[in-house]
Amino acid sequence: MADRDAVKPESFGFQAEVARLLHMMVHSVYSEREIFLRELISNAADACDRRRYEALTQPDLLGDTPLEILIAIDKQAKTLTLSDSGIGMSRSDLIENLGTIARSGTARFMEAVKNAEGKAAASAPDLIGQFGVGFYSAFMVADKVRVVSRRAGSDEAWAWESDGLGSFTVEPAEREAVGTTITLHMKEDAAEFLEKYRLSTIIRTYSDHIAIPIKLTEGDAAAADTVNTAQALWTRPKSEIGEKDYAEFYRHISGLFDEPLRTLHYKAEGKLEYTCLLFTPGMAPYDLYDPERKSKVKLYVKRVFITDDCEELLPAWLRFMRGIVDAQDLALNISREMLQHNPVLAAMKKAITGKVLGDFARMAENEPETYAKFWEQFGKVLKEGLYEDFERREELLKLARFKSSAQEGLTSLAEYVSRMKEGQKAIYYLTTEDGAVASPQLEGFKARGVEVLLLTDPIDDFWLGVVTEFDGKPFQSITKASASDLSALGEAGDLGEAAPAGDVARLIAVMKGVLGDAVKDIRASERLTDSPVCLVADEGDMDLRLSRMLKAHDRLKTVAPRVLEINPRHELVRQLAARSGQEGQYDTIALASHLLLDQARILEGEPLPDLPGFARRMSDVLLRLAQ
Ligand code: ADP
Ligand code: MG
């Protein structure tokens, strides 16, 4: 291409976020700058994986260049050069990948930096360690970086160059074979990274698990030494793999930068042959609630990377898991489309899901504290399985943990059942936004020592719509009228004297007249001990919070009117009951009825339908006080 040679270096500005990130890298005081090597090796290894995959369908792509990563030290020139025989980058790849922030991990890093600004607590260096920032971390050690790359399938090479100060150039270049060469012109204070011994230590620490040979050479030395084990980590005997190796592999494969909470590594033999190396992250990954709910586990076939976009490996409610599955029984040239509805994969998915749940059960049994931490992070996601996966329901119910009105910490359903009172037939629960222990509906249960599970996740409303029982005991919302029959569950202790039944009946009749359609019914309550009133859903109506939530999402046109329960033992109700038989008290009772209903709505977190009316009545009452 004659005119290609005539092209002058073209200059581009970095995307604003990249410029900021680079500014941080250039001025970095992060003490573990050595991670730049991990990041560059990780990219090179990914590029080799992708090239190998593309070559499955286009064999001539691979040619006879071995897949490897070569690192060369030149002390004279003060350069460190990393070459890989991976997939390479075209001109537009270079501009796109090394000029913008494409990956969400880096974007998240920038967000965290922004949030930390102004707060002394977290400085950028700490955050670098937490996130890892990919290619741009090269500028922690180099004041100039040149990338020469040739995309597989093309015979053009392009060079990208930058000093990390706001712009980069792209120009035509030469590269004999496919792949990428990155030359780092090291900063004065980064000379340590030109020492062969230091580099091999770094490579062994962070990148030993990389399955592609990493070769290191210095000066004119013709032969380069392979520094890493260069064997896919999961194929090595477990006894030879240290916790640190697993952790580094986890970070490489997941793009996350915490410690894995749990590692599950096993080889299945027999009908299905595959190796699994799966990690439970220590913290909920940033994309856990992405609407796609995609599994991030990578599929390999006979050690060749196939895809990291395989929904058939784990159910969506295990999407927080990271790691790899290496299958023996799939054809190497399987296309990504063929992965859907593949019977071998379906059988593997079932087996792997069972293994993962078994591992969680073991953790719950043997390490309850770790398990509580785990549940805190991922419980919400696992509960999606209760709703979606009938086959796993029993297992998941056993794994589920809940807050309870009776004790600190979390409880399992089996523990709840073992504490059920004599005569108690149902598992009582309250779904609540904030674990509201001050809910009036709870009072009667507490007074009788009946434990109530406090469910705080929005998903709870959904699975409770389809899961009806555990261990033969039905789930029962305490905001439903049917839960009001508490008398069978024992005495509540001394709650004070109730207003005479006749007075209460008369008061209820007056209140019904006042409130009309605003309530479905008014009843004397057994569930209240301290509050004068509360709202409940009628038998057969939807749980209060669920109907509110559906209404908020336009899934429900109107919320069914509630039942107002009044507490005949409450001083206010007793007074009103007594007055309901007296002349000239109607206005007072009417005023109180409206205000009590609004109060119950407020406690439920429901909007008041008539705010001006509420305000007017409120001032009315205050005025009476003042007179
Ligand atoms: P990430 O690896 O998480 O995507 P990086 O900042 O490390 O983020 O790299 C950005 C992108 O640049 C990569 O996704 C890849 O597309 C491209 N890239 C980086 N290094 C190489 C390489 N050696 N060969 C091919 N592509 C590369
Ligand atoms: Mg990377």
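Leaving aside its neighbours within four places in sequence, which residues is Ser85 in contact with? Keep in mind that this is a predicted model, then select Ser85 along with Cys48, Arg51, Pro66, Leu67, Glu68, Val178 and Gly179, its contacts beyond those neighbours. You'll find Ser85 in the loop between β3 (79–84) and α4 (91–97). Ser85 counts as buried because its relative accessible area, 7%, is under the 20% cut-off.

Next stop: a sheet. Select β16, β15, β18, β17, β20 and β19, which in that order make up an open sheet of six strands with mixed pairing. At the edges are β16 (410–412) and β19 (469–470), each pairing on one side only. Zoom in on β15 (residues 401–404) and β18 (residues 453–455): these two run antiparallel and pair over two bridges. To see a bridge, pick Lys403, whose partner in β18 is Leu454.

Last, head for the second largest pocket, which holds about 360 Å³ of space. Its lining has 15 residues, and Val559, Arg562, Arg601, Glu606 and Pro607 are the closest to the centre. Colour the lining by residue type and you get ten nonpolar, five charged and no polar residues.

Terms used: Residues numbered from 1 in each chain as written. Chains lettered and ligands numbered in written order. Predicted model: local features only at pLDDT ≥ 70, side-chain atom pairs only at ≥ 80, totals over all residues. Heavy atoms only, no water. 1 Å grid on protein atoms, 1.4 Å probe; cavity = no way out; pocket = protein on both sides within 12 Å on 5 of 7 lines; lining within 4 Å. Points joined across faces, edges and corners; volume = space filled by probe spheres on them. Nonpolar A, V, L, I, M, F, W, Y, C, P; charged D, E, K, R; others polar. Helix = DSSP H or I, 4+ residues; strand = E, 2+ residues; numbered from the N terminus. Buried < 20%, exposed > 50% of the residue type's maximum accessible area, 1.4 Å probe, protein only. Contact = heavy atoms within 4.5 Å. Pairing = 2+ DSSP bridges.
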